[in-house]
Amino acid sequence: MSKETFLTSTLGRKLLMGLTGLFLIGFLVVHVSLNSLIFLNDHGATFNKGAHFMSHNIVIRIMEVGLFAGLIAHMVLALQLTLKNNKARPVKYAMTNGNANSSWYSRSMGILGSLLLMFLVVHLANFWIPTKIAVFNETEHNTFEDMKVVFSKWYFVSVYMVGVIALSYHLLHGFQSAFQSLGMNHRKYSPLVRKVGILFAIGVPVIFAAMPLVIAFGLIK
Amino acid sequence: MSHEGGMNLTLKVWKQKNSKTEGHLETYPVSDISPDMSFLEMFDVLNEKLISTGKEPIAFDHDCREGICGMCSMHINGRPHGPKGGITTCQLHMRSFKDGDTIVVEPWRAAAFPVVKDLVVDRSSFDRIIAAGGYVSVNTGNAKDANNILIPKTDADDAFNAAACIGCGACVAACKNASAMLFVSAKISQLSLLPQGQIERTSRAENMIAVMDEEGFGNCTNTGACEAECPKEISLENIARMNREFFSAKVLANKK
Ligand code: SF4
Ligand code: FES
């Protein structure tokens, strides 16, 4: 017995799932704050300065590697956990009434996460790759102009709307769930964590959603 | 006794010969059921009828029929222990259904709970988890004077609430991942909160969780379905406590 190591145990993986999730939440805070600079409506001048800093600063670029590592770990763990979970119930129920005991989004984290991944591929192709190419070639790069080009196309705006909705539901369950996985369930603080989680899961996606919309509708130039 | 206004129902019940064969849902009409009957009594009536017509009765588990043994494991219309919260199948009455209803009854479904026959599943995986550490093996001496060992009221209450778990397995049945964490966390909590449980605290958490994983239960994804369906309303707080117990056992315990 207890041959099981921390990282091969279900609880250890769950902890890592929570930790990487919180790490990615931390990234979202940075991302949403920086991008909100476009709302200054100064033709993206301040925003572009911020974007330039993020793409050139050495510390940020090292952290970027960590970010991808965290993201990949989150996905690999999710895959491992899901595979084990599928094996835990080989014969399915003929009838289930999941809505009677849990929210649909808490049961759909895998689907929501997969949607987010698909969104991310598009998102990286839209902004991250062009920036990387520019940095590599040492050419000037105007991320704000990129945004205007991308968000002038209705199909990209739609993809971004689906992306933020998936993000919202993923966070709605994930935020408070991460604390529970870390063993942080407290009679005084958990209600607060849950409230903050709901505000975060609605607030951040709404701000993100506003970005393509204000540009698509020409409110910000 | 014939009942005026007895209920007529259609049951769709899982029939399965043994763990090696595949099962299927079979339809049984039942008539003249009193709304005051318990769900299991309705099955008794049906079985009597099946036997008297030379058919095979439906195998199902039951024992106390008063919500304390945890044997009656029926997944009713998509929910463990049926449509009501905080009760077991034996405490469910037919008045919770409407005349003419179709009721689907299945066994618990989990790799760690193989079907023995029809609605009967083998839950000895729970016993093996308990055998791995769900006890106190140190000598705790004779019964002490009531106030000799002081225990905070909140701890005593939490331990008592965790100890209410009857090992029915509804948490596993309800969980989309067939995870046993609510059960295991209740069993770990009831001991780790009290003084007698301290000595084996770290090895208990490690060993019970290792067996839980070996038995093939799934991972908890915090959907909360277990808590909502548990007949004893065991709280999710226990799972968070189990996580803490396990992390401190693995990370902080001064051993290899
Ligand atoms: S935790 Fe609740 S549902 Fe799970 S075995 Fe114990 S009493 Fe049954
Ligand atoms: S038969 Fe004992 S709890 Fe239902």
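A:H43 sits in the loop that connects α1 and α2 (45–56) of chain A; helices are DSSP runs of H or I with at least four residues, strands are runs of E with at least two, and both are numbered from the N terminus. A:H43 is not a glycine, yet its phi is positive, about 55 degrees. With a relative accessibility of 59%, A:H43 counts as exposed; the cut-offs are under 20% relative accessible area for buried, over 50% for exposed and partly exposed in between, with a 1.4 Å probe and protein chains only.

The model is predicted: local features need pLDDT of at least 70, side-chain atom pairs count only at pLDDT 80 or more, and totals for chains, interfaces and linings use all residues. Residues are numbered from 1 along each chain as its sequence is written, chains are lettered from A and ligands numbered from 1 in the order in which they are written, and side-chain values use heavy atoms, with hydrogens and water left out.

B:D32 is another non-glycine residue with a positive phi of about 55 degrees. It belongs to strand β2 (residues 24–33) of chain B.

| Residue | Relative accessible area | Class |
|---|---|---|
| A:H43 | 59% | exposed |
| B:D32 | 35% | partly exposed |
| A:Q80 | 33% | partly exposed |
| B:P80 | 1% | buried |

A:Q80 is part of helix α3 (residues 58–88) of chain A. B:P80 is in strand β4 (residues 79–80) of chain B.

Chain B has eight helices and seven strands. Its C-alpha trace spans about 65 × 40 × 35 Å along the principal axes. Of the 256 residues in chain B, 54% are buried. Among its contacts between residues at least 6 apart in sequence, 68% join residues at least 24 apart.

The largest nonpolar core contains 46 residues, and B:I129, B:V172, B:V184, B:M212 and B:F217 have the most contacts inside it. A nonpolar core is a set of buried Ala, Val, Leu, Ile, Met, Phe, Trp, Tyr and Cys residues joined through side-chain atoms within 4.5 Å. Two or more residues each come from α1 (10–35) of chain A and from α2 (124–131), α4 (170–174), α5 (181–192), α6 (201–214) and α8 (237–252) of chain B. The biggest contribution, six residues, is from α5(B). Leaving out residues up to four places away in sequence, B:M212 touches A:T10 and A:L11 in chain A, and B:I129, B:A180, B:M181, B:V184 and B:F217 in chain B. A second, separate core has 32 residues, among them A:I25, A:F127, A:A201 and A:I215.

Ligand 1 has 13 residues around it, of which B:C165, B:C168, B:G169, B:C171 and B:C230 come nearest; a residue is near a molecule if one of its heavy atoms lies within 4 Å of it. Both α4 and α5 of chain B supply at least two residues of this shell. By class, the shell has 11 nonpolar, two polar and no charged residues. Ala, Val, Leu, Ile, Met, Phe, Trp, Tyr, Cys and Pro count as nonpolar, Asp, Glu, Lys and Arg as charged, and the others, Gly among them, as polar.

Grid points are joined across faces, edges and corners, and a volume is the space filled by probe spheres set on the points.

The whole structure has three cavities of 30 Å³ or more. The largest cavity holds about 100 Å³. It is lined by 16 residues, with B:C175, B:S179, B:C220, B:T223 and B:C226 closest to its centre.

Key
Contact means heavy atoms within 4.5 Å. On a 1 Å grid over the protein atoms alone, a cavity is a set of points where a 1.4 Å probe fits but cannot get out, and a pocket is an open set with protein on both sides within 12 Å along at least five of seven lines; lining residues have an atom within 4 Å of a point.
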